[in-house]
Each structure stands twice: as C-alpha cells, then as structure tokens.
Amino acid sequence: MISIQNLHKTFGKNTVLKSVSLRLTQPGIFAILGPNGSGKTTLIKSILGMVIPDKGEILFNGKNIHRQWNYRDQIDYLPQIARFPENLTVQEVIEMVKNLRPRPAGDQALIEHLGLKPFLSQRLGNLSGGTRQKVNLVLAFMYDSSCLILDEPTSGLDPVAMLKLKQMIHQEKEKGKTILITSHIMGFVEEIADEIVFLLEGDICFRGTPEELRSRYGTPDIESAIAALLQSEPVTPQLCTKY
C-alpha cells in the first residue's frame with residue numbers, strides 16, 4: 001500500500017525528516033507517534049503530496065507519487081485543524097465537499113451515528129469544538145477509500161463520541177483498509193493500534209505492536225514505555241530499532 005524509502009526533508013536549517021524508510025503493506029491501524037517536532041505531520045503531508053521531500057521516494061500502491069495527484073482519490077484525510085468558512089452551515093459544508101469530490105458518499109449514516117442531525121442548519125461558527133470535530137469526522141469517513149489518515153481525531157470529543165469514533169475506525173479496518181493515526185492520547189492508541197511507528201528527531205526509532213513496546217521497557221502501558229524511551233541516555237538512532 002505505502003512504501004517510503006530514504007525520505008529527507010528540511011525547512012531552512014531545520015532537518016525534519018532524515019532517511020525515513022517505512023513499508024505498510026498490510027491492512028491495519030498504524031499509530032504514528034513522537035514528540036512535538038519529531039516529523040509526524042511532515043511525514044503525513046509528504047504522503048499526501050502536500051510537502052515535497054528533498055530526497056527519497058514514496059510509493060502508493062506500487063506507483064511513485066511524485067508529480068502525481070490522482071492517487072489521493074484513494075485517501076481519506078482528517079487534518080488536525082480543519083478550517084471552513086464559519087458562516088456556512090453544517091449541511092452546506094458537507095454538500096460543498098460532496099460537490100468537490102463527486103463519488104458515492106455515506107454521509108447520512110454518519111450524521112445519524114454521530115448525532116449531528118440537529119446541527120445541520122447551524123453555522124460552523126456557532127458550534128462547540130467537539131461538534132465541529134464530529135463534522136470533520138463525517139467528511140473524513142463518508143467516502144470508501146482504501147487508505148484513511150486521521151491526524152488527532154479525538155480532539156474535543158466527549159467519551160460517548162470517542163466510543164463512536166473507535167467503532168467507526170474498527171469498521172473501516174474490517175473492510176481491509178490501511179489506517180494511519182496520530183494522537184497524544186496514549187490510552188486511545190493502546191486500545192486501537194495494531195502497530196506503533198515512533199518518530200524521534202526525524203527518524204523512525206521504533207516500530208512494533210503496543211505489546212512489544214511495553215515489553216521492551218518492562219512497563220505496564222505504552223505511555224510509560226514512551227517516557228522510558230525518551231529518557232534513555234543517550235537517545236540516538238543507534239539505540240533505536242530501524243525499519
């Protein structure tokens with residue numbers, strides 16, 4: 001599905017990605033984790049073609065994405081911060097996206113599932129952060145694409161909405177999709193991820209299951225394991241498992 005080879009990216013004097021290589025050939029839920037500035041967002045935006053790497057290549061379904069755009073039709077994306085005109089209603093935003101992407105959309109079932117029906121005629125500027133995030137989830141999940149990328153999908157969600165999100169993600173996994181997730185909520189990651197890809201200083205420091213990460217550091221949860229990883233002296237790529 002996704003193959004990344006020797007990816008490098010700098011912004012000015014800041015090296016954000018350095019020699020990142022990653023293959024995601026099997027369906028499943030992959031959590032892309034790392035501290036702020038580790039390169040997570042740049043990696044995701046490189047896959048989406050929103051950032052052009054300085055070096056390296058990205059293959060999607062076996063084809064190089066460089067100077068291509070049509071592969072994006074097989075990717076559904078939830079950005080960390082989705083910005084729409086605040087004077088538009090929820091229904092207008094949904095219809096706008098459907099007009100931009102004329103494919104069969106399953107928005108009605110998602111609207112019912114997330115309890116958005118009472119808000120369809122309300123303007124985005126009048127909605128709470130959690131309700132806006134539900135709108136964003138509808139836009140990300142309403143198409144049936146082979147790859148789903150969710151950047152901080154839990155932002156602003158209450159416990160009930162969080163449970164519904166987990167159900168939605170598991171349903172997409174059962175369809176055989178490749179799902180990439182970033183999140184700072186380690187309990188959510190531990191519960192839902194099949195594999196963890198941990199970035200540190202622009203390189204992949206660990207890839208494996210949550211169980212393997214806990215076992216590596218002898219901790220009861222991945223939050224403690226990640227804290228142990230970050231506190232290792234010294235933290236260098238030589239101490240990391242390369243993939």
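Strand β1 (residues 2–11) and strand β2 (residues 14–24) pair in the antiparallel sense over 7 bridges, where strands are DSSP runs of E of at least two residues, helices are runs of H or I of at least four, and both are numbered from the N terminus; two strands count as paired if DSSP finds at least two bridges between them. The model is predicted, so that local features need pLDDT of at least 70 and side-chain atom pairs count only at pLDDT 80 or more, while totals for chains, interfaces and linings use all residues. Residues are numbered from 1 along each chain as its sequence is written, and side-chain values use heavy atoms, with hydrogens and water left out.

**The β1–β2 hairpin**

- β1 and β2 form a hairpin with 2 residues between them, and glycine 12 in the turn has a positive phi of about 65°.
- Within this pairing, isoleucine 4 has leucine 22 of β2 as its bridge partner.

- β7 is mostly covered, with 5 of its 5 residues buried, where buried means under 20% relative accessible area, exposed means over 50% and partly exposed lies in between (1.4 Å probe, protein chains only).
- Cys147, Ile149 and Asp151 point one way from β7, whereas Leu148 and Leu150 point the other way.
- Strand β6 (residues 75–78) pairs with β7 in the parallel sense over 4 bridges, and isoleucine 75 stands opposite cysteine 147 of β7.
- β7 and β8 also run parallel, joined by 5 bridges, and leucine 180 in β8 is the bridge partner of isoleucine 149.

**Nonpolar cores**

- The largest nonpolar core has 34 residues, and those with the most contacts inside it are Phe141, Leu150 and Ile169; such a core is a set of buried Ala, Val, Leu, Ile, Met, Phe, Trp, Tyr and Cys residues joined through side-chain atoms within 4.5 Å.
- At least two residues of this core come from each of α2 (90–100), α3 (107–113), α4 (129–141), β7 (147–151), α5, β8 (178–182) and α6 (186–192), and the largest share, 6 residues, comes from α4.
- Apart from this core lies another, of 25 residues, among them Ile2, Leu24, Ile44 and Ile149.
- Not counting residues up to four places away in sequence, leucine 150 touches Leu78, Ala140, Phe141, Ile169, Ile179, Leu180, Ile181 and Thr182, a contact being heavy atoms within 4.5 Å.

**Helix α5**

- The 16 residues of α5 should span 22 Å at 1.5 Å a residue, and the 23 Å between its end C-alpha atoms agrees with this; the expected span is 1.5 Å times one less than the number of residues.
- Ala161, Met162, Leu165, Lys166, Met168, Ile169 and Glu172 are the buried residues of α5, and because they cover an arc of only 160° around the axis, they lie on the same side of the helix, the arc being that of the directions from the helix axis to the C-beta atoms.
- These buried residues pack against β3 (28–33), α3, α4, β7, β8 and α6, whereas Pro159, Val160 and Glu174 are exposed on the other side of α5.
- Alanine 161, which is found in this helix (residues 159–174), counts as buried because its relative accessibility is 3%.
- Aspartate 158 caps the N-terminal end of α5 through a side-chain oxygen that lies 3.2 Å from the backbone nitrogen of valine 160.
- Just after α5, glycine 176 takes a positive phi of about 85°.

How values were computed: A polar contact is a pair of N or O atoms within 3.5 Å; within protein, one must be able to donate a hydrogen and the other to accept it, and residues adjacent in sequence count only if both atoms are side-chain atoms.
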